[in-house]
Amino acid sequence: MISLKPRSILLISAIFRVGLILFGEWQDTHMEVRYTDVDYLVFSDAASLMASGQSPYKRTTYRYSPLLAFLLIPNSFISRCWGKFLFSASDLFVGLFIRIILKQRKVPDDLCTYSMLIWLFNPFTFTIGTRGNCEPIVCAMILWIIICLINGNVVQAAFWYGLIVHFRIYPIIYALPIIENTISHYWKISIKYRNIDCNNKIHQNQIDQSNSLSTKLPNSINLLLILAGAN
């Protein structure tokens, strides 16, 4: 049994990632092998160009969405670690969204917590964001889209999906399962309303038949009384 609450897990994970980012800055300065991802330097240079009013694509090898460079503009005037903190925060949201999705699927609480821990303290995942890779943003957005679909917010899911495909092209591979999920969702809703409509019609027919009998019965009784009086 895990006694830690999700809030405590997120807090510990956040502190751990801050420590890794600070250690990475020290390693970049004092060691030959850099901790920071090479692509992060490209992101930062492109963001610096955008901050000065130029195109981020003037930076050689920058082949990403201009939105990424826009998000990292604070690298130029707040801290060069801004992007790492942003990516690491997205990584924390991934862990939170994993728990939310599992809870909505009625998964036991312990298993939800274990799944959250496996993501947040996986060496592969926490080094990605702290080294300056933007993939945690994509992961968080994909999971948020799933949450929107589970809750029936199709329009919102479509908006975020279009945005994330613009941000990074490869999430286009999720289009087919998203379409299938949406179609099946509305198919179930249509069947539900058809059943309700059929039940309403059956109930209305029963009421009509009952009313018809109630009107015919007094007429039959009156006819019998008339015949009896005539005799």
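These legends go with a set of close-up views of one predicted protein model.

A note before you look: this is a predicted model, so local features need pLDDT of at least 70 and side-chain atom pairs count only at pLDDT 80 or more, while totals for chains, interfaces and linings use all residues. Residues are numbered from 1 along each chain as its sequence is written, and side-chain values use heavy atoms, with hydrogens and water left out.

**View 1**
The protein has nine helices and zero strands. Read from the N terminus, the elements go α-α-α-α-α-α-α-α-α. Here helices (H or I, at least four residues) and strands (E, at least two) are DSSP runs, numbered from the N terminus. Out of 231 residues, 32% count as buried. Buried means under 20% relative accessible area, exposed means over 50%, and partly exposed is in between (1.4 Å probe, protein chains only).

**View 1. Arginine 59 and aspartate 45 pair up.**
A search of the whole structure turns up eight salt bridges. To count, a side-chain nitrogen of Lys or Arg has to sit within 4 Å of a carboxyl oxygen of Asp or Glu. In this one, arginine 59 meets aspartate 45, with the closest N and O atoms 2.8 Å apart. The pair links distant parts of the chain: arginine 59 is in the loop between α2 and α3, aspartate 45 is in helix α2, and they are 14 residues apart. Arginine 59 counts as partly exposed because its relative accessibility is 23%. Aspartate 45 is partly exposed too, at 33%.

**View 2. Arginine 99 reaches aspartate 109.**
The side chains of arginine 99 and aspartate 109 form a salt bridge, 2.7 Å from N to O. Is arginine 99 buried or exposed? Its relative accessibility is 13%, so arginine 99 counts as buried. Aspartate 109, with a relative accessible area of 35%, is partly exposed.

**View 3. Glutamate 135 holds hands with arginine 168.**
Another salt bridge joins the side chains of glutamate 135 and arginine 168, at 2.6 Å from N to O. Glutamate 135 is in helix α7 (residues 135-150), arginine 168 is in the loop between α8 and α9, and the two are 33 residues apart, so the pair links distant parts of the chain. With a relative accessible area of 18%, glutamate 135 is buried.

Which residues are linked in a network of salt bridges? They are Glu25, Arg80 and Lys84.

**View 4. Here is the largest pocket.**
Rolling a probe the size of a water molecule over the atoms shows where empty space is left. The search uses a 1 Å grid over the protein atoms alone, and a pocket is an open set of points where a 1.4 Å probe fits, with protein on both sides within 12 Å along at least five of seven lines; lining residues have an atom within 4 Å of a point. The largest pocket has a volume of about 330 Å³. That volume is the space filled by probe spheres set on the points, which are joined across faces, edges and corners. Its lining has 15 residues, and Ser90, Ile137, Ala140, Met141 and Trp160 lie nearest the centre. α3, α4, α7 and α8 each supply at least two lining residues, and α4 gives the largest share, five residues. The lining of the largest pocket divides into 14 nonpolar residues, one polar and no charged. For that count, Ala, Val, Leu, Ile, Met, Phe, Trp, Tyr, Cys and Pro are nonpolar, Asp, Glu, Lys and Arg are charged, and the others, Gly among them, are polar.

**View 5. Two loop residues have positive phi.**
Threonine 61 has a phi near 75 degrees, a positive value in a residue other than glycine. Threonine 61 lies in the loop between α2 (38-51) and α3 (66-71), and is partly exposed at 48%. Lysine 106 isn't a glycine either, yet has a positive phi of about 65 degrees. Lysine 106 is in the loop between α4 (82-104) and α5 (109-120), and is exposed, with a relative accessible area of 74%.
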